[in-house]
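The sequence and the model are shown below.

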Amino acid sequence: MPTPNVRDDSGNVDVIAEARRQKALLKTGALQNAILTSANFSLIATDEKGIIQLFNPGAERMLGYAAAEVVNRINPSDIHDPQEVAARARALSLELATSITPGFDALAFKASRGIEDVYELTFIRKDGSRFPAIVSITALRDDYDDLIGYLLIGTDNSVRKQVEMELHHAMAVAERANLAKSDFLSSMSHELRTPLNAILGFAQLMESGSPLPTPSQQRSIGQILKAGWYLLELINEVLDLALIESGKLSLSLESVSLAEVMQECETMIEPQASKRGISVSFPKFDVGYFVKVDRTRLKQAVINLLTNAIKYNRVNGTVAVVCIVDTPEHIRICVEDSGEGLSREKIAQLFQPFNRLGQEMGGPEGTGIGLVTAKRLIELMGGAIGVESTVGKGSVFWLEVSLTDERQHVADTPESVTAAPMTPPEGAQLRTVLYVEDNPANLMLVQDLIARQPDIHLLSATDGHRGIEIARASLPDMILMDINLPSISGIQALKILREDSATAHIPVVALSGNAIPRDIRKGLEAGFFRYLTKPINVNEFMKTVDETLKFSKSEADRANPRVERTEAI
């Protein structure tokens, strides 16, 4: 049917308008032809039954068929992977709660009902080779909204799939590297802590032994303990930094009272300041500020700044802690010292691992890691850290964290009390502790510690299987368990004990050189009552033993209540 001409108001042909219209039609036709003949994507049109009616050059290039080989001969499902088509039919049947048969119906079902549908399936070429494709399918309708066919627009997805595979491979390699690094850190932590446990443990025993050491011996023991605890601090800081750098450190952000954190830091830092004659002042809060942080990690960062302010200060110097509300959203904690101050050159070198700014030769002891770790921790909590310094006057190190309107949930806990010595009252029942440990030095240390408690009888085993046998035979009141044992691990031994009704009730305390957070979390999740790390801190160890035995006794009393009889009057 010829296209009507464009006429003006008087009925005459508007030559200019007609020329423009013809040009637009030609352009539209050219665009349509370019789309249909594009070699970059396949265009397949079918009739309402799914038989192919149009197969453009892009489809020919992708699939290797000539249009004459497929038009009026096959439907699109014939060039798809049949197993994937069948799987799609099953999935759609479940999704749409109706029975859909494999074949073209599985491809066109959604489109036939006006549902937008883009799927990813495998195309099969004429030569049998395969490639992943993304296909968009649309229902075609006439002017009366009757279905007259379908249009499938497909693109080769091979490149994206290859990139995804390479990315997944790279991520798998990185994950394996991270796991290897974590395993190495865990192993190194254990290997370094095991000998330190003997050094620090026996030194603490000698320090508090009877008779007390002579002044000369006390000085020597003091040097052993000082060097041992310093080496432990170095190990902990290296492990912390490695965990942060590997992205494996998990934080628990919560609403925390800043006043409480400052009070705890003041208590922790006071002995160190007193030794050096440093006066430390902390702020008095008129307003109860709460910050969104990981409580333990904030304390770690603040203590690091305080330790440095004391360590690198003048004799009888001062340290002032000030808290400033910078903005309604942030509060700045400033630690100001009266030390020598830092030049611009030295400030530029701060926050670099193992860079002690020339203090390595004869300066105060340090690792050059603590400040870097503090910076990483504060940044992980969404904060910032910095320094302002004047040579000859001192430095102000500051950290900034987020304020919050939330208030922390305070659990109902009894007031903390100092654990009394475990000297039993007359006639007290003898308690039994089993220690499963393969290292003779560690075993000897715990034997010497337990020997100071007359109400505790210690049993020992050097591997997990033997430990389980002794536990079943003697039913101790508690078990101390190393993790890295010959034959089976401490975690495997714990699992066996938990599955045995005879030993399931016995509290098991881990005592291990595996001290990185991942290992501790894994141990507690496995069911250990407590998790102690080596080297042993004697006071902490004895307190844990005391608490565990009390728990064991209370559980036994609950399971076997005494029946009191009341005589009739």
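N304 has a relative accessibility of 12% and therefore counts as buried, the limit for that class being under 20%. The structure discussed here is a predicted model. N304 belongs to helix α9, which spans residues 295-311. When neighbours within four places in sequence are set aside, the contacts of N304 are G370, L371 and A374.

**The sheet and the helix across it**

Five strands form an open sheet in the order β2-β1-β5-β4-β3, and their pairing is antiparallel. Its edges are β2 (52-55) and β3 (117-124), each of which pairs on one side only. From one strand to the next, the twist averages 30 degrees.

Within this sheet, β1 (residues 42-47) is joined to β5 by six bridges in the antiparallel sense. A45 stands opposite L151, a residue of β5. Helix α5 lies across β1, β3, β4 (130-141) and β5, and it runs at about 45 degrees to β4.

**Aromatic pairs**

Four aromatic pairs are found in a search of the whole structure. Among them is the pair of F104 and Y150, which is edge-to-face because the ring planes meet at 70 degrees, with the centres 5.4 Å apart; the edge-to-face class requires an angle over 60 degrees. F104 is in helix α5 (residues 104-112) and Y150 is in strand β5 (residues 147-156), so this pair ties together parts that are 46 residues apart in sequence. Both F104 and Y150 are buried.

F123 and F131 also form an edge-to-face pair. The geometry of the two pairs is set out below.

| Pair | Centre to centre | Angle between planes |
|---|---|---|
| F104 and Y150 | 5.4 Å | 70 degrees |
| F123 and F131 | 5.7 Å | 85 degrees |

**Charges over rings**

Which residue lies over the face of W398? R332 takes this position, at 3.6 Å from the ring centre.

How values were computed:
Residues numbered from 1 in each chain as written. Predicted model: local features only at pLDDT ≥ 70, side-chain atom pairs only at ≥ 80, totals over all residues. Heavy atoms only, no water. Helix = DSSP H or I, 4+ residues; strand = E, 2+ residues; numbered from the N terminus. Buried < 20%, exposed > 50% of the residue type's maximum accessible area, 1.4 Å probe, protein only. Contact = heavy atoms within 4.5 Å. Phe/Tyr/Trp six-rings, centres within 6.5 Å; stacked < 30°, edge-to-face > 60°. Lys NZ or Arg CZ within 6 Å of the ring centre and 35° of its normal. Pairing = 2+ DSSP bridges. Axes fitted to C-alpha atoms, helices over the stretch in contact; angles between N-to-C directions.
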